[in-house]
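Here's a quick tour of this protein for anyone about to work with its coordinates. Take a look at the model first, then read on.

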Amino acid sequence: MAPGRWVWLVAGWAVLSPAQDPTDPKIKAALEYIRRIEPELLEEQVRLTEIPAPPFEERVRAAAYKQVFERLGLKNVRIDKEGNVLGERPGRGPSPRLVFSAHLDTVFPAGTDVRVKREGTRLTAPGIGDDGRGLAVVIGVIRALDHAGIETDGPITFVGTVGEEGLGDLRGVKHLFGAELKGRIDRFVSVDGTGLGITNTGVGSYRYKVSYAGLGGHSFGSFGMANPIHALGRLIAKVAEFQTPAQPKTTFNVGRIGGGTSVNSIPFEASLEVDMRSSDKGSLEALHEKFKQAAALALSEENERWKNNGRLSMKVDLLGYRPGGETPARSAEVQAVARVTGALGFPVALREGSTDANVGMGLGIPSVTIAGGGTGTGAHSPQEAFDTTDSWKGTQRALLAAVALASR
Ligand SMILES: [Zn+2]
């Protein structure tokens with residue numbers, strides 16, 4: 001997941017249903033059990049983190065997660081066509097169906113040392129928090145529901161998703177909503193990262209690679225033809241002058257450029273990669289349109305400048321698209337998660353981010369991402385660390401959120 005903006009809320013206390021009430025005997029038993037088994041959950045977190053899961057190579061970790069689902073007695077445990085691991089826990093009735101998930105993949109390439117170093121309460125390893133923590137919390141929720149014999153109104157489908165990070169482009173969760181569980185998801189929760197935040201706003205994004213290509217030639221001998229790097233420069237100059245709203249925060253960044261072979265050659269190719277983001281669909285689409293027009297205009301300007309000598313062509317590749325959206329703070333679902341967070345005595349913080357929940361938000365299906373407790377530092381870096389102090393709080397909150405959202 002990516003960092004976002006924090007907004008503080010005060011949770012209401014008044015309207016807890018028995019199923020969400022920490023003083024209800026079954027709920028109380030589940031919460032106590034979670035505190036007791038937290039050391040075992042931390043061992044699971046370490047074990048799963050030490051199974052490498054680079055982008056597009058989640059298979060081995062997925063197989064291990066499937067075994068856990070089987071051992072815990074979930075029904076219809078399977079790996080779908082995209083590579084997600086799924087298992088069902090039936091409810092009293094067929095609805096509401098809650099998907100309760102964490103992501104299997106990491107940002108780290110194959111060959112990264114993922115062994116976990118332990119010093120006191122500190123666990124250090126790439127992926128230990130993002131999302132080793134979420135994977136462990138999901139296991140804790142399944143175990144606590146069973147231990148306390150908690151029945152929910154609707155079924156819960158527990159999922160380990162693939163492709164949450166980077167160029168994975170949410171491919172796992174897109175497949176869940178678009179194929180595997182199409183039309184059957186009423187509510188969606190992702191447990192992602194550390195702390196106790198609640199992400200109810202999904203930052204959408206477009207990522208493109210734009211390439212200009214031409215004949216190329218000698219810088220002196222062939223002078224007088226269109227130049228792909230010059231076209232690229234025209235495009236970057238246009239992008240650099242884009243105006244976007246501060247609220248909702250809407251951003252653009254040319255993050256990579258490439259092309260050319262030597263200082264005295266007119267290049268035959270040049271390219272850039274750009275990232276554009278907003279939680280507001282309209283603002284993102286407007287920016288997207290502006291960018292596409294700028295790319296075409298830069299091309300025609302460069303071609304006209306040289307009267308179509310060595311005429312350039314353009315190739316536009318979509319590298320990624322994440323829908324943006326929001327599950328409103330006043331919605332029953334966000335209120336429920338805020339309530340159970342407040343009921344446990346934890347501060348309620350709503351934030352925006354880019355997570356698996358984006359896909360549900362984009363479809364208007366109530367979706368939130370909750371953090372898994374503990375304290376994390378250095379996510380997406382090789383120094384990523386997780387402090388286990390009071391990390392059980394995250395599992396307890398996740399349990400109450402699952403029970404609340406699987407209730408009518
Ligand atoms: Zn994550």
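This is a predicted model: local features need pLDDT of at least 70, side-chain atom pairs count only at pLDDT 80 or more; totals for chains, interfaces and linings use all residues.

## Helices H5 and H6

Let's start with a helix pair. Helix H5 covers residues 228-240 and helix H6 covers residues 281-305; the two pack with their axes 8 Å apart, at an angle of about 140°. The crossing of H5 past H6 is right-handed.

Who makes the contact? On the H5 side you'll find His-230, Ala-231, Arg-234, Leu-235, Lys-238 and Val-239. H6 answers with Phe-291, Ala-294, Ala-295, Ala-298, Leu-299, Glu-301 and Glu-302. Sorted by class, that comes to eight nonpolar, one polar and four charged residues.

The mean pLDDT of the protein is 94, and 95% of the residues reach 70 or more.

Domain 1 puts 10 residues into the contact and domain 2 puts in eight residues.

Which elements give two or more residues to the domain 1 side? They are strand S9 (198-202) and strand S16 (325-326). By class, this side of domain 1 has two nonpolar, five polar and three charged residues.

## Helices H7 and H9

Here's another helix pair. Helix H7 (residues 332-343) and helix H9 (residues 392-405) cross at roughly 145°, and their axes come within 9 Å. This crossing is right-handed.

From H7, the residues involved are Glu-333, Ala-336, Val-337, Val-340 and Thr-341, and they meet Arg-397, Leu-400, Ala-401, Ala-404 and Leu-405 of H9. The class count for the contact is seven nonpolar, one polar and two charged residues.

If you're setting up a calculation, here are some backbone details to know about. Ser-95 and Pro-96 are joined by a cis peptide bond with omega about 0°, and Pro-96 belongs to the loop between strand S3 (85-89) and S4. Another cis peptide bond runs from Gln-247 to Pro-248, with omega near -10°. Pro-248 lies in the loop that links H5 to strand S12 (250-259).

Then there are positive phi values. Asn-76 isn't a glycine, yet its phi is positive, at about 50°. You'll find Asn-76 in strand S2 (residues 75-79), and it counts as exposed because it has 10 C-beta neighbours inside 10 Å. Asp-169, also not a glycine, has a positive phi near 60° and sits in the loop between strand S7 (156-161) and helix H4 (171-180). With 19 other C-beta atoms within 10 Å, Asp-169 is partly exposed.

Finally, a look at Asp-113, in the loop between strand S4 (98-103) and strand S5 (117-119). Is Asp-113 buried or exposed? Asp-113 counts as exposed, because it has 11 C-beta neighbours inside 10 Å. Asp-113 and Pro-382 are 269 residues apart in sequence, while their C-alpha atoms are 8.5 Å apart in space.

Note on methods:
Residues are numbered from 1 along each chain as its sequence is written. pLDDT is the predictor's confidence in each residue, from 0 to 100. Axes are lines fitted to C-alpha atoms, for helices over the stretch in contact, and angles run from 0 to 180 degrees between N-to-C directions. Helices (H or I, at least four residues) and strands (E, at least two) are DSSP runs, numbered from the N terminus. A crossing is left-handed if the near helix is turned anticlockwise from the far one by less than a right angle, and right-handed if clockwise. Two residues are in contact if their C-beta atoms, placed from the backbone, lie within 7 Å. Ala, Val, Leu, Ile, Met, Phe, Trp, Tyr, Cys and Pro count as nonpolar, Asp, Glu, Lys and Arg as charged, and the others, Gly among them, as polar. A residue is buried if 20 or more other C-beta atoms lie within 10 Å of its own, exposed if 12 or fewer, and partly exposed in between; C-beta atoms are placed from the backbone.
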